[in-house]
Amino acid sequence: MTHTTVTPATTTTTTAPSGLRSLYLIRIAFSLVWVALVLATSASLVSKDRPTVIAAVLLVVYPLWDVIATLLERRMAATGATNRVSTINMAVGLATTAGMVIAVFSTVGTALLVFGIWALLSGAIQLVVAIRRRRTVGAQWPMVISGGQSVLAGAATAAMSASATSGLSTVAGYSAFGAFWFLVSVVALSVRRG
C-alpha cells in the first residue's frame, strides 16, 4: 500500500506491503479453516438439499468476512479510486450476505447461484484493484490471476448451481484456490520487498 505524507517542502511516498502481507496471511488462515469446516460438515450437500444450520452459517459468513477484510485493506490503502472500488466491493459483499441469508432458507443450489454471482463480481473488482496497484505496490500478478479465476469460477458455479451434482464442495475448492493465490501474493510481496 502507498501512504503519502505531505510536508511544506516535499512529498514523501512510502510503500507498506507488510500490512498487506499480514492481511493476506489472515485471509489464508480464514479460508483454510472455512474450507476444513465445509468439507467436514457439509461437503455431501448437493443442489437440491436444504442447507444445514452449519452450512447456512458458513455460507453467510464467507461473503461477510470478505467485506471485513476489504474494510481492513481499505484502511491500509491510499485514498482515491481504490477506495471507490473497495466501496463497491463492500456493497456487493453486503448485498451478497443479505442474499445468502435468504438463499440458505431455500436450497444449496440457490445458495450456489448467489455465491457464483458474488464470486464473479468480486473477482472482476479484484482484477481492477490489482491492476491499479501494480505500479504503487507491485507484485500484483497473483491477484490478477486470482481475480480472473474468480470470475471464471463464479460464472461456472452460477451456471451449474441447479445441476444435481453441484454441491458445497465446489465453493470449498473456490476458497482453497483463493487461499493459494493469497499465499503466492505474500511470497511475491516478500520477494519484491527483499
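## Helix contacts, a nonpolar patch and ring pairs

Setting aside neighbours within four places in sequence, S86 touches T70 and R74 (contact means heavy atoms within 4.5 Å). This is a predicted model, where local features need pLDDT of at least 70, side-chain atom pairs count only at pLDDT 80 or more, and totals for chains, interfaces and linings use all residues. Residues are numbered from 1 along each chain as its sequence is written, and side-chain values use heavy atoms, leaving out hydrogens and water.

S86 sits in helix α3, residues 81–103 (helices are DSSP runs of H or I, at least four residues, numbered from the N terminus).

| Residue | Relative accessibility | Class |
|---|---|---|
| S86 | 7% | buried |
| L64 | 34% | partly exposed |

L64 belongs to helix α2. Together with I68, L72 and L94, L64 makes a nonpolar surface patch of about 330 Å² (patch residues have over 30% relative accessible area and no salt bridge, with nonpolar side chains joined within 5 Å and like charges within 9 Å). Helix α2, residues 53–76, gives the patch its largest share, three residues.

On to the rings: there are ten aromatic pairs (ring centres within 6.5 Å; planes under 30 degrees apart are stacked, over 60 edge-to-face, the rest tilted). One of them is F115 with W118, edge-to-face at 5.3 Å centre to centre and 75° between the planes. About one helical turn separates F115 and W118, because they are three residues apart in helix α4, residues 108–133. F115 and W118 are both buried. Ring pairs also tie F30, W34, Y62, W65, F115, W118 and Y174 into a cluster.

Methods: Areas by Shrake-Rupley, 256 points an atom, 1.4 Å probe, with all protein chains shown as cover. Salt bridge = Lys/Arg side-chain N within 4 Å of Asp/Glu carboxyl O. Helix = DSSP H or I, 4+ residues; strand = E, 2+ residues; numbered from the N terminus. Buried < 20%, exposed > 50% of the residue type's maximum accessible area, 1.4 Å probe, protein only. Phe/Tyr/Trp six-rings, centres within 6.5 Å; stacked < 30°, edge-to-face > 60°.
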